[in-house]
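Please look over the sequence and the structure, then read the points below.

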Amino acid sequence: MTSPAKEERSMRSLVLASSVGTVIEWYDFFLYGSLAIFFARLFYPPGDDVAATLISVATFATGFAVRPLGSLIFGYMGDSVGRKTTFLITLLIMGCSTAAIGLLPTFATAGYAAPVLLILLRIVQGLALGGEYGGAATYVAEHSPPGERGKWASYIQAMASGGFVLSLGMVLILRLWLGEEAFGTWGWRAPFLVSFVLVAVSLRIRLRLSESPVFVEMHKQGKLSKSPVRDAFRIPGNARRIILFLFGVACAQAVTFYTAQFYALYYIQTFMKMPFLPATLSVAVGAFLGVPFFVLFGALSDRIGRKRLSLAGMAAAVLFYIPIFSIIRHAITPENTSYAAISACVFALVVIAAAVYGPYGAFIVESFPANVRYTSISVPYHIGNGIFGGFLPLVSLWLVTETGNPYAGLLYPMGLCLIGFFVTLFWVPETLSVRKGERTQIVSLSHDVMSEG
């Protein structure tokens, strides 16, 4: 029998190996987001700065829009070929497409071919990312001991935020080291090209992993789905669970995460006219300080339940977004900008996101049967993040531009959090029962069902 200490060490090694790949994939995907305002000058026609910024942000959203398609393609592979094999493939595709962005010609060199090539590579990135989360979350959760799935699966969520911080950090270091002129000329390519090295290291680590024990057991018993995409929508009640999870937890998770990570950055740069370096540094500090809360809330969900924490995060977004952005707005003045106040506000936004996203991995894995789990997880997650989250910066910035109201952009994430709150409250079941202080896994999480699918 495995000792608790040995099991803990084993899980830490497994989560580290899974998380390294996840943080690199998110680093790759978020690099463009970190530089979207900057890319408006490089890849789009000069003249109208606001229009170029909106188009550049729309290109950022393009990568998100195709994620649902990627979730179907790689969800099928994950449920039929294996969890490990699939997220090795997605990592390789993501790394190569990211490095290719670092080799692209700019608008000054290639004209309209430059933005077309950029959009195509963003599409490839989006397809690859559509398979990453489902694989990593499923893999970790299916290895986790009962009663600790929230804790271990939350590291995958934390690594998404870690990838964002890493991308901001890489850009900041290079801009400070090289200077604005060199960075604008050629230095911006370096963080993309570094992806070659990062992916090579991550592939080496991930190749050492074994396949998920749940997948291996299903394979032995001949219980793998022959058509995971079809079965995900034909198994009684599963299509309903997918839809409810999408409009419940998934849409709220998406908008809280991207409000904290990207909308805050774009808002500060575009409308508050804060220079790139102090804006990026302020956001990076707040985001970095908030990363541990994803794991904290994931572990807490093993005690009090996934649903309760998720609802608290949604309610906090509705109640506190406008006050938080009001503080940001008043902290930025021509005479005396309070960078500490901005970082504190971003930290608060990340904590709100972590309340929804921290328990998310265990919540969604526990909600679906094992033989179509990869597909069932990927569809609501990537539609939620690809559509609701990916278009948040574009829609919110457009609302502020059209109305002139600095808080109009918050109506979008607040509205979706309100919808998510009521859908989750009334129709998304808790996957962890807490009775008399003892953690009892409900049927969808029991080892028997995890094995039989």
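**Briefing**

Ala-158 is found in helix H7. Helices here are DSSP runs of H or I with at least four residues, strands are runs of E with at least two, and both are numbered from the N terminus. This is a predicted model, in which local features need pLDDT of at least 70, side-chain atom pairs count only at pLDDT 80 or more, and totals for chains, interfaces and linings use all residues. Residues are numbered from 1 along each chain as its sequence is written, and side-chain values use heavy atoms, with hydrogens and water left out.

**Helix H7**

- Ala-158 counts as buried, at 1% relative accessibility. Buried means under 20% relative accessible area, exposed means over 50%, and partly exposed lies in between (1.4 Å probe, protein chains only).
- Ala-158 touches Val-291, Phe-294 and Val-295, leaving out residues up to four places away in sequence. Contact means heavy atoms within 4.5 Å.
- Ala-158 and Phe-247 are 89 residues apart in sequence. Their C-alpha atoms are 22 Å apart in space.
- Leu-174 also sits in helix H7, which covers residues 149-178. Leu-174 is buried, with a relative accessible area of 9%.
- Beyond its neighbours within four places in sequence, Leu-174 is in contact with Gly-179, Phe-183, Gly-187, Ala-190 and Pro-191.
- Leu-174 and Leu-31 are 143 residues apart along the chain. A distance of 13 Å separates their C-alpha atoms.

**Overall build**

- The protein has 22 helices and 2 strands.
- For 453 residues, a compact globule would have a radius of gyration near 22 Å. The protein has 21 Å, which agrees. The radius is taken over C-alpha atoms, and the globule rule is 2.2 Å times the number of residues to the power 0.38.
- The C-alpha trace spans about 60 × 45 × 40 Å along its principal axes.
- Of the 453 residues, 59% are buried.
- Take the contacts with a separation of 6 or more: 86% of them join residues 24 or more positions apart.

**Charges and salt bridges**

- The protein carries 32 positive and 23 negative side chains. Lys and Arg count as positive, Asp and Glu as negative; His and the chain ends are not counted.
- The centres of the two charge sets lie 5 Å apart. Each charge is placed at NZ of Lys, CZ of Arg, CG of Asp or CD of Glu.
- Side chains of opposite charge can pair when their charged atoms come close.
- A search of the whole structure finds 7 salt bridges. A salt bridge is a side-chain nitrogen of Lys or Arg within 4 Å of a carboxyl oxygen of Asp or Glu.
- Arg-175 and Glu-180 form a salt bridge through their side chains, at 2.3 Å from N to O. Arg-175 is buried, with a relative accessible area of 5%. Glu-180 is partly exposed, at 40%.
- Asp-302 and Arg-306 meet in another salt bridge, at 2.8 Å from N to O. Both Asp-302 and Arg-306 are buried.
- Arg-306 also forms a salt bridge with Glu-366, where the closest N and O atoms are 2.5 Å apart. This pair links distant parts of the chain, 60 residues apart: Arg-306 is in helix H16 (residues 306-331) and Glu-366 is in helix H18 (residues 360-366). Glu-366 is buried, as is Arg-306.
- Salt bridges link Asp-79, Arg-83, Glu-142 and Arg-373 in a network.

**Two loop residues**

- Lys-273 lies in the loop between helix H13 (238-270) and helix H14 (276-290). Lys-273 is exposed, at 65% relative accessibility.
- The phi angle of Lys-273 is near 55°, a positive value in a residue other than glycine.
- Tyr-407 lies in the loop between helix H20 (392-403) and helix H21 (411-427). Tyr-407 is buried, with a relative accessible area of 19%.
- Setting aside neighbours within four places in sequence, Tyr-407 is in contact with Ile-322, Phe-325, Ser-326, Arg-329 and His-330.
- Tyr-407 and Leu-397 are 10 residues apart along the chain. Their C-alpha atoms are separated by 9.9 Å.
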